[in-house]
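Trainee: I would like to learn how to read strand pairing, aromatic pairs and helix packing from a set of coordinates. Could we work through one example together, feature by feature?

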Amino acid sequence: MFEVREWTRSDTARLFRAPTAEDDKYARGVVALRTGSPAYPGAAVLGVEAAWRSGAGFVRYVGAERVADAVLARRPETVVGADAGRSRVDAWVIGSGTDPADRSDAEGVALREILAGSAPVVIDAGALDLAPGARAPFLVTPHAREFARLQERLRVSSTDDARADDARADAARQVAAKIGGTVLLKGARTLIAAPDGAVLAVEAGTGWLATAGTGDVLAGVLGAVLAANPDASLSEAAAAGAWLHGHAARIAAGVLDGGPGHPIVALDVAEALPSAIESVLA
C-alpha cells in the first residue's frame with residue numbers, strides 16, 4: 001500500500017530559482033496555451049496571465065481571434081497565432097474554457113497533434129476526454145465532478161465515500177494507472193497521483209479559493225512550472241504548482257496571519273503569484 005506524502009513549502013522551493021545574468025527568456029521556459037473559446041474567453045486570459053506571473057519567459061497563445069484579442073488586451077507581450085513548427089515549446093496547456101461538445105474537427109486534430117508530441121501537456125476541463133491514448137507526458141487536472149466523469153469513462157470503480165482522503169487517493173491512483181498519466185485531483189486537499197502509484201498531497205490554500213476561474217489560473221501556473229523544470233517529474237512539478245497557487249490565494253485573501261480573510265476573484269490569485277514566488281525564494 002502506497003503512503004500519501006505531504007508536499008511542503010521547502011519541497012516547492014526546490015523547483016523555483018531566481019534568474020541569473022546567463023538566463024534568457026527561453027531558459028525560463030516557453031509555455032503554449034490552446035485554451036478558451038468564444039463562450040469562455042476569460043479562461044484563456046486567466047491562464048496566460050498566470051503563466052506569465054509564474055515566471056515563464058515566453059508565452060504563446062493559440063486560439064480563436066476573438067479570444068486572442070482578449071488575451072492581447074490584458075497581456076500584450078504574449079505571442080499569438082499558430083505555431084508553425086519552428087518555435088520551441090516546453091509545455092502546453094489545453095482545454096481550459098472549452099466544451100468538447102463544441103469542438104470542431106480541426107480543433108480535435110490540433111489537440112491530438114499536441115498530445116502526440118514530446119512536450120508535457122496540462123490537460124484541463126474540456127480536453128479531459130482526449131487524455132486516454134495520449135503519447136506526450138501529460139497531467140490531467142479534474143475537479144470532483146470531472147473526475148467522476150473520467151472514472152465512468154475509464155470504467156474505474158468509485159466508492160460510496162468519495163470524499164474520504166484514502167478513497168480519493170486510491171481512486172486517483174487507479175485513474176493515473178489506467179490512463180498512463182499524472183492526475184491532479186483538485187480539492188481543499190489536492191492530490192497528485194503518478195502512474196506508478198505514488199501520491200502527493202498539497203494543503204496550502206484557503207476556502208476563498210473556491211470561486212470561478214481559479215482552475216484556469218492553476219492550469220497556467222502548472223504550465224509555467226513544467227516548462228521551467230524539464231528534469232522534474234510531472235507529479236513534483238504539479239505539486240509545486242498547486243502549492244504556489246494555494247499560497248498565492250492565501251496572500252490575495254489576506255489569511256496569512258490567521259484571520260478570516262476576504263473574498264477574492266481568480267485574477268487576484270494570478271496577481272499574487274509573484275509575491276508567492278518571492279516568499280518561496282526568500
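Mentor: Let us start with the term that strand pairing rests on: two strands pair if DSSP finds at least two bridges between them. Please keep in mind throughout that this is a predicted model.

Trainee: How many bridges join β1 to β10, and do the two strands run parallel or antiparallel?

Mentor: There are 3 bridges between β1 and β10, and the two strands run parallel; within this pairing, Glu 6 stands opposite Ala 201 of β10. On another side of the account, β9 (residues 190–193) pairs with β10 in the antiparallel sense over 4 bridges, with Thr 190 placed opposite Val 202. The hairpin formed by β9 and β10 has 5 residues between its strands, and there Gly 197 takes a positive phi near 100 degrees.

Trainee: Which residues lie on each side of strand β10, and are they buried or exposed?

Mentor: Val 199 and Ala 201 lie on one side and Leu 200 and Val 202 on the other, and all of them are buried, so that both faces of β10 are covered. Arg 5, which is found in strand β1 (residues 4–6), touches Val 199, Leu 200 and Ala 201, and also Asp 11 and Glu 236, when residues up to four places away in sequence are not counted. Arg 5 itself counts as partly exposed because its relative accessibility is 37%.

Trainee: Turning to the rings, how many aromatic pairs does a search of the whole structure find?

Mentor: A pair of aromatic rings is described by the distance of the centres and the angle of the planes. The search of the whole structure finds 1 such pair. Its members are Tyr 26 and Phe 58, whose ring centres are 5.9 Å apart and whose planes stand at 20 degrees, so the pair is stacked, given that planes under 30 degrees apart count as stacked.

Trainee: Which parts of the chain does this pair tie together?

Mentor: Tyr 26 lies in the loop between α1 (9–13) and β2 (30–34), whereas Phe 58 belongs to strand β3 (residues 58–61), so the pair ties together parts that are 32 residues apart in sequence. Tyr 26 has 33% relative accessibility and therefore counts as partly exposed, while Phe 58, at 14%, counts as buried. Strand β3 is covered on both faces, with Phe 58 and Arg 60 on one side and Val 59 and Tyr 61 on the other, all buried. This strand is joined to β2 by 4 bridges, in a parallel arrangement, and Val 30 stands opposite Phe 58.

Trainee: At what angle do the axes of helix α2 and helix α7 cross?

Mentor: Two packed helices are described by the angle between their axes and the distance between the axes. Here the axes of α2 (residues 41–53) and α7 (residues 214–228) cross at roughly 40 degrees and come within 7 Å, and the crossing is right-handed. The contact is made by Ala 43, Leu 46, Gly 47, Ala 50 and Ala 51 of α2 with Asp 216, Val 217, Gly 220, Val 221 and Ala 224 of α7; these residues divide into 7 nonpolar, 2 polar and 1 charged.

Trainee: What does Asp 216 touch, leaving aside residues up to four places away in sequence?

Mentor: Asp 216 touches Ala 43, Leu 46 and Gly 47, together with Ser 96, Gly 97 and Asp 124. With 15% relative accessibility, Asp 216 counts as buried.

Methods: Residues numbered from 1 in each chain as written. Predicted model: local features only at pLDDT ≥ 70, side-chain atom pairs only at ≥ 80, totals over all residues. Heavy atoms only, no water. Axes fitted to C-alpha atoms, helices over the stretch in contact; angles between N-to-C directions. Left-handed = near helix turned anticlockwise from the far one by under 90°. Contact = heavy atoms within 4.5 Å. Nonpolar A, V, L, I, M, F, W, Y, C, P; charged D, E, K, R; others polar. Phe/Tyr/Trp six-rings, centres within 6.5 Å; stacked < 30°, edge-to-face > 60°. Buried < 20%, exposed > 50% of the residue type's maximum accessible area, 1.4 Å probe, protein only.
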